[in-house]
Amino acid sequence: MRIGIDKDICIGAGQCALTAPDVFTQDDDGYSTLRPGREDGGGSPLVREAARACPVGAITAEETEDAGALPDAR
Ligand code: SF4
């Protein structure tokens, strides 16, 4: 998964970090950032929830070709 955070429109509401705390955190200025090593979402199903929860739509989550994070998907 490829996760994007548009820091130009992020208002630091923190909904992403509340929704998917394993993936998102807030930097010293309160803006959203990805936790180290979680740039691909770590297979967390909460990433899409976090994207929906963001009040300004700053988060994008795209599946990538090697979406191997779902081994039991069938
Ligand atoms: S929920 Fe959206 S506005 Fe709030 S910190 Fe996360 S990316 Fe920024």
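Okay, let's start with Thr60, which you'll find in strand β4, the stretch covering residues 59–62. Quick reminder before I go on: what we're looking at is a predicted model.

Who does Thr60 meet from elsewhere in the chain? If you skip the neighbours within four places in sequence, Thr60 is in contact with Arg2, Ile3 and Gly4. Take Ile3: in sequence, Thr60 and Ile3 are 57 residues apart, yet their C-alpha atoms are 5.6 Å apart in space.

Ile3 turns up again in the largest nonpolar core. That core has 15 residues, and those touching the most other members are Ile3, Val23, Phe24, Val47 and Ile59. Strand β4 and helix α2, residues 46–53, each put in at least two residues, with α2 giving the most, three residues.

Now have a look at Phe24. Again not counting residues up to four places away in sequence, Phe24 has quite a list of contacts, including Ile3, Val47 and Ile59. Cys16 and Ala17 are on that list too, and so are Leu34 and Arg35.

Last stop, the ligand. Where does the ligand sit? In the largest cavity. Around the ligand there are 13 residues, and the closest are Cys10, Ala13, Gly14, Cys16 and Cys54. Cys16, remember, is also one of the residues Phe24 touches.

Notes:
Residues are numbered from 1 along each chain as its sequence is written. This is a predicted model: local features need pLDDT of at least 70, side-chain atom pairs count only at pLDDT 80 or more; totals for chains, interfaces and linings use all residues. Side-chain values use heavy atoms; hydrogens and water are left out. A residue is near a molecule or strand if one of its heavy atoms lies within 4 Å of it. On a 1 Å grid over the protein atoms alone, a cavity is a set of points where a 1.4 Å probe fits but cannot get out, and a pocket is an open set with protein on both sides within 12 Å along at least five of seven lines; lining residues have an atom within 4 Å of a point. A molecule sits in a cavity or pocket if more than half of its atoms lie within 2 Å of its grid points. Helices (H or I, at least four residues) and strands (E, at least two) are DSSP runs, numbered from the N terminus. Contact means heavy atoms within 4.5 Å. A nonpolar core is a set of buried Ala, Val, Leu, Ile, Met, Phe, Trp, Tyr and Cys residues joined through side-chain atoms within 4.5 Å. Buried means under 20% relative accessible area, exposed over 50%, partly exposed in between (1.4 Å probe, protein chains only).
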